[in-house]
Amino acid sequence: MASYSVERSSNEMPVTAIGLMSGTSLDGIDVALLRTDGLGNIEPGAWFSVPYKASDRQVLRKAISDATQMNLMSILQRAEWPTSIHDAEQLITDCHIDAVKKFLTDNEISSEDVTVLGFHGQTIFHRPEDRITLQVGDGCRMASELGIDVVNDFRSQDVLAGGQGAPLAPLYHQAFFNSMKKKGTTPVFQNEDTKLAICILNIGGVGNLTFIRDNQPLIAFDTGPGNALIDDWMQLSKGEMFDKDGEAAAHGNVDHEVVENFLKLPWFQRPPPKSLDRQQFGQDLACVNLETFSVNDGAATLTSCTAGAVNAATQHLPMKPSSWIVCGGGQHNRTLMDMLRQSLQTTVIAAKDIQWPGDEMEAQLFAWLAVRSLKQLPLSTPETTGVPYPMTGGVLHRYS
């Protein structure tokens, strides 16, 4: 089967879309405006982020924990959800509606000027090998209250067809990279041999990469834990949401035996496509007895696990990337960025440092995917999720 590439821009006028992302880090909601045709015409606009309150994160963590205890056949049956998952869906929907209202007001945008909202929702459970993924969020209520059409449930169709349902970023990464090259706004790549490859690495709760090389098929998959294990450790050991700037890790000592044993887990040797549930590695590390570690040593060791996982992912690439562009929350963790440079032994750059969208990339992604969904264009391909053929997806909720 021929590999799939994002279509070139058409003569159609771009539309205004808003993307919404609440990721596996459980830190908050990103809202981003995008003018796009769902192809190669990409014009990023305003964005902002709304943090969750501590009580909100508790509701989400409870729902995620309860979902892991459920019978698999019950997860997609709303009538069998425990109260915690219903509570999480109501919370997610309310918080996203409030975030969009504030975004529209702050940027003096009328709802009538927005064609579609791409609403990812919150992943509560993800097990593609059993063809189950669940992102909660009431798209119908959101459309009704905001007066804007909403597309949500982006992953289910891919998973039901046998794909991983993740990552969904690669086609946007490819389109965005090509758009930046066309505009001449990729300074780090100017005059670079076009035969060389780059990787765009998103580090949220989970890490995922997109390997891009001119005229070659995309390669994309989850690399392993991103910030999730570090965040959980900081919450458990110090009552803090995350390791700000990687300061705790910077002052700690890595337990290399723990890291080496962690990277021997079969998941890292498994070839792509592959994707992760946020909770997947918590049990593997439960036996490590991390509670005997100092705050700093635990942070350093888990940060090294994340960097080591990215390095382990390179065994599944056809060549060594010449550059890694890091987006998501992980780009702000200086210790993690240093560990990535040490592990990968090549150029590793934060997206924000080359004027790329770093924190808002995934929100932009879901704006772009929503427009593609309206056009019934593919959101995933065999190269990105392992789905049998290029697959569209998403569920459209009309506001009237």
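The chat below walks through a predicted model of a protein.

User: Before we start, what kind of model is this, and how are residues numbered?

Analyst: This is a predicted model, in which local features need pLDDT of at least 70, side-chain atom pairs count only at pLDDT 80 or more, and totals for chains, interfaces and linings use all residues. Residues are numbered from 1 along each chain as its sequence is written, and side-chain values use heavy atoms, with hydrogens and water left out.

User: OK, how many helices and strands does the protein have?

Analyst: There are 14 helices and 13 strands, where helices (H or I, at least four residues) and strands (E, at least two) are DSSP runs numbered from the N terminus.

User: And why call it as compact as a globular protein of that length?

Analyst: Because its radius of gyration is 20 Å, close to the 21 Å that the globule rule gives for 400 residues; the radius is taken over C-alpha atoms, and the rule is 2.2 Å times the number of residues to the power 0.38.

User: Which way does β1 run against β2, and against β4?

Analyst: With β2 (residues 28-36) the run is antiparallel, joined by 7 bridges, and Val15 stands opposite Thr36 there. With β4 (residues 116-119) it is parallel, joined by 4 bridges, and Ile18 has Leu117 as its bridge partner. Two strands pair if DSSP finds at least two bridges between them.
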